[in-house]
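Colleague: Could you give me one close look at the packing inside this model, with the cut-offs you used along the way?

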Amino acid sequence: MFVPHSIPSPDYAWQGLVIPLGEWLHGVFAFIPESYALNIRTYAICILIGIVVAGVMTHRRLTNRGAEPGIMLDIIIWAIPLGIVGARIFHVLTHPNDYFGEGINPLSVFYVWEGGIAIFGALIGGAIGAWIGCWRTGIRFWTFADAVAPGLLLAQAFGRFGNWFNHELFGLPVSSDFPLGLEIESSNIAYPPGLPEGTLFQPTFLYEVVWNSIGVVVILLAERAFRLQWGKTLAVYLIWYGLGRTVFESIRIDPSEYFIGLRVNVWAALIAIALGIAIIYVQSKRHPGTEPSPYVTGREWVPIATGVDSEETYSDTGNVAETTSEELTSTSATSGAASSEKVTKP
């Protein structure tokens with residue numbers, strides 16, 4: 001199979017889509033200047049596609065577990081915004097020189113549209129948001145975490161294409177006989193000084209796309225083979241992603257803070273691996289069996305069957321069914337998944 005020796009970076013024109021709203025709307029709304037334009041970043045589109053794909057996958061996995069259709073939206077409405085906030089905070093804290101110092105506008109920490117988010121911060125903030133959403137809906141947090149795990153890897157794979165469009169986060173330079181290298185223009189701010197023009201670099205974005213895609217398959221196979229529940233599917237995600245990120249982060253050459261000789265994100269990846277191992281160990285001890293329901297006890301969603309045969313006698317005044325306690329018990333036990341009404345058990 002033919003494999004190209006180099007991967008060209010996309011033209012800068014592909015980094016965003018400029019929509020001239022001012023030219024279109026100024027004639028109708030005079031207060032909108034003709035020069036006003038909406039700039040949609042390609043990186044943002046890649047992230048949005050990843051979120052949509054992950055959301056669809058999580059929805060199907062939750063409903064297959066017995067959750068109410070659509071309840072995933074009630075959870076991610078908390079998880080996504082807090083994930084974005086966490087991603088920005090983590091990036092700013094790990095790149096302080098970019099946002100604090102003489103001549104730097106401190107308000108730039110809020111300029112998310114200029115770039116600068118971190119996946120580990122997104123995981124922390126998203127986990128807090130997911131916990132809030134699960135608490136409000138009655139879904140077990142670990143059930144949701146397991147349902148979203150493979151979707152997270154897919155979302156991250158799509159997001160890495162955004163780095164490719166932005167000509168960023170590439171790896172060490174490679175020799176001329178290296179099988180695959182990324183083309184980066186010498187005018188790039190991250191281009192190492194002293195290197196000749198035309199030097200190729202490790203395509204770390206592609207490494208992570210491939211690693212994450214393989215990881216989705218690994219997670220799904222491991223989940224089926226070992227019947228992973230109680231957060232152990234999420235644990236496999238943390239271990240798999242942490243292992244790959246440790247390697248990819250180590251060969252990147254973009255500026256980063258260091259702690260005890262390692263990049264901060266390498267430490268974050270190692271912590272993710274340790275956390276995944278701890279979750280498997282602790283949850284295996286605490287919950288040796290399978291989850292009884294995706295809902296916490298007392299907040300189960302029970303679909304009510306329609307068209308149940310009944311021998312009740314209705315009064316001609318109010319059509320009130322005179323049922324016995326035995327009949328009520330029988331009806332409750334035989335209710336199926338034919339209706340979408342939501343009932344909360346006492």
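Modeller: Happy to! Let's begin with α3 and α4, which are therefore called roughly antiparallel to each other: helix α3 (residues 71-94) and helix α4 (residues 119-137) pack at an angle of about 150°, with their axes 6 Å apart. The crossing of α3 and α4 is right-handed, and their contact has 13 nonpolar, eight polar and two charged residues.

Before going further, please keep in mind that this is a predicted model, in which local features need pLDDT of at least 70, side-chain atom pairs count only at pLDDT 80 or more, and totals for chains, interfaces and linings use all residues. Residues are numbered from 1 along each chain as its sequence is written, and side-chain values use heavy atoms, with hydrogens and water left out.

Now the terms. Helices (H or I, at least four residues) and strands (E, at least two) are DSSP runs, numbered from the N terminus. Axes are lines fitted to C-alpha atoms, for helices over the stretch in contact, and angles run from 0 to 180 degrees between N-to-C directions. Under 35 degrees is roughly parallel, over 145 roughly antiparallel, 65 to 115 roughly perpendicular, and the rest oblique. A crossing is right-handed if the near helix is turned clockwise from the far one by less than a right angle, and left-handed if anticlockwise. Ala, Val, Leu, Ile, Met, Phe, Trp, Tyr, Cys and Pro count as nonpolar, Asp, Glu, Lys and Arg as charged, and the others, Gly among them, as polar.

Next come α6 and α7, whose axes lie 10 Å apart at an angle of about 155°. That angle is why α6 counts as roughly antiparallel to α7. Their crossing is right-handed. On the α6 side, the residues in contact (heavy atoms within 4.5 Å) include Y207, W211 and V218, and on the α7 side Y237, W240 and F248 are among them. By class, this contact has 11 nonpolar, five polar and three charged residues. R227 lies in the loop between α6 and α7; its phi is positive, about 50°, although R227 is not a glycine. With a relative accessible area of 62%, R227 is exposed (exposed is over 50%, buried under 20%, partly exposed in between; 1.4 Å probe, protein chains only).

Of its 22 residues, F120, L153, Y237 and L238 touch the most other members. Two or more residues come from each of α5 (141-165), α6 (204-226), α7 (232-250) and α8 (264-286), and α7 gives the largest share, seven residues. Leaving out residues up to four places away in sequence, L238 touches A272, I273, L275, G276 and I279. There is also a second, separate core of 14 residues, including L62, I75, A130 and C134.

Apart from neighbours within four places in sequence, T143 is in contact with L62, R65, E291, S293 and P294, and T143 is buried, at 4% relative accessible area.

Methods:
A nonpolar core is a set of buried Ala, Val, Leu, Ile, Met, Phe, Trp, Tyr and Cys residues joined through side-chain atoms within 4.5 Å.
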